[in-house]
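Here is a short tour to read with the model open beside you. Take a look at the fold, then work through the headings below.

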Amino acid sequence: MLKKFRLKDVLAGHKKNKWKRSETEEKKSEKAPSLFEYISSAVIDGELPEDFTLPVLSEDDSQIVWADGALDGVGIYHMGFSEISDESYALMADAVQAADRKDFNKADELFIRLGEKGASAISLIDPLQSYIMDHQEELTAGNIYEYGFHALVDSSDKECVKYGLSLLELFDTDSHKELKEIIRTIGLSDEFSIFAIFVMLRWEDGNNEVWQLAKKIHGWGRIHAVERLEPASVEIKRWLLLEGVHNRIMPAYSALTCWRKSDAETILRNDPTREEFSGIRDMIGELLDEGPVPGISEIDNSDDVIILFLNKAKQMASEVEDYVIVRDIRMYFETEDPEHTEIVSLCREILSTDRCREAVLEAVKGGRAIGLAQDLKLDYKEDSLALMKSSFQSNYHLCTFLMEEPGNKEEVMGLFRQQLPLSEMKTRPEKSLGVGVKYWRQQALEILLQELRRYPLEGQDFVETALQSAPIRTRHSGIGVLESWVSAKQIPLSELLPEMQELLCRLREIEPDEEVKGKMTRLIAGNITFEVLS
């Protein structure tokens, strides 16, 4: 924190004008609320609604839209960040100098341009703060602070808001109650959580502030909060044990962190309560998934821990989630460590109990644990079909399990024909990706199409509907089925399905997406070998 940048030296000026915006800025705000205003107006009972997202400025529905916080999260965990280019460094320096001159419009323009050039705020935190520290003698603390506040509360540009928070991180903001409340509020958005956390950690009670925030956020923000939260109290440790791993993105990101910080192994070696056992179970389940980040392989005595957990499960397992994790453990060790027969035997022993069968059969009635029911050779067909009939929109995904058995396919396809208005779904092609609830019928169709790949020539009416659907993704799915069928039969489409060939020829003339058009062309040209998805 910069010694010369003392917040108390610049508060007086702000208290006089109470951060009032200019008339021009007020008019601009009427047209487009700032992101802070957008977020604060959406807060209900201290949290944002589960379906909350920041506004998307682009009206192009064909562009992939990152979930709030996802682009920064993927950069942190997977891609890393390249060194700042000379051009971006110069833009950054010019933006800081503009802020120092109180030319906030220019500073906004330059910070926004930085973001448009791919120089994200998360990748430039260190260069930005280093630049300011290196030039602190020539910069005016009050002006830099004032710009940071302006960017935080007035901007409708995501990167600009983040740069504002990065600047405010340099100040002692702990005594400013109004600003702290603003930071707590904007931190509720997964897009800004990590930047708010960086500021909070400068506060005297920063760790507790991060914990309080972590309990209110459930996406990328929670992942970042858990990573930076210190287990400084019994209450925090317990929260990490029971709740820390749960997020809406991918719990595996936080599994190893929660395992270590909650002291889960020590609790497991003693006598965990039912609640503690469930928390440990959830962490172990996610530790087995080492796709996004390291997990079980990072625990030195992992085999001993798993055996200990399974021995506890022999007495404590009662919920279907317990048995799902036991099955996951069995499958993991059958694949990764087939010589470890003790673990596999323990899993099979637990899964063979009447208590397990009863829990799974009860779960199947609600459409859960179908994979485990298959594994245990328990009947799930009637319950799954009943769920699809009673609430198709919520349960159409169950066709994935049912279609694995050839004997179920006619009944499943008949149900889809009843529930989907196939003729109405045929429309002109668009460049839409088909994301969102309004496209749920197309999404249901795509799920069925994935299963039709294994059944050549069956369900042609679904394929025809997909080829004539608005979303690009649905048309891709229909073409994928034709590619699978042609590859399986090793017969060109013109011979295999002449009418489908004619349809493709007509549709190619009006297809707006070049990739889809290229796939159509290859089928029309008689290709019989494709890279077919399993």
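## What it is built from

How many helices and how many strands does the secondary structure of the chain come to? The count is 33 helices and zero strands, where helices (H or I, at least four residues) and strands (E, at least two) are DSSP runs numbered from the N terminus. Along the principal axes, the C-alpha atoms fill a box of roughly 75 × 70 × 40 Å.

Residues are numbered from 1 along each chain as its sequence is written, and side-chain values use heavy atoms, with hydrogens and water left out.

The chain averages a pLDDT (the predictor's confidence in each residue, from 0 to 100) of 91, and 92% of the residues score at least 70. Over residues 1-29, though, the pLDDT is below 50, and this stretch has 44 contacts in the model beyond near neighbours in sequence; contact means heavy atoms within 4.5 Å. Where pLDDT is low, the predicted coordinates should not be read in detail.

## What's inside

Among contacts with a separation of 6 or more, 68% join residues 24 or more positions apart.

The largest nonpolar core has 164 residues, and Trp-259 is one of those with the most contacts inside it, along with Leu-152, Leu-310, Ile-329, Phe-416 and Leu-482. Such a core is a set of buried Ala, Val, Leu, Ile, Met, Phe, Trp, Tyr and Cys residues joined through side-chain atoms within 4.5 Å. Apart from this core lies another, of six residues, among them Ala-70, Val-74, Trp-220 and Val-293. Leaving out residues up to four places away in sequence, Trp-259 touches residues including Leu-268, Met-283 and Val-305.

## A covered helix

Helix H13 (residues 220-228) is mostly covered, with seven of its nine residues buried. Trp-220, Arg-222 and His-224 are among them. The buried residues of H13 pack against helices H4 (70-79), H11 (193-200), H12 (206-214), H14 (234-242) and H15 (252-261).

## One glycine

Gly-142 sits in helix H8 (residues 141-154). Why does Gly-142 count as buried? Because its relative accessibility is 13%.

Key: This is a predicted model: local features need pLDDT of at least 70, side-chain atom pairs count only at pLDDT 80 or more; totals for chains, interfaces and linings use all residues. Buried means under 20% relative accessible area, exposed over 50%, partly exposed in between (1.4 Å probe, protein chains only).
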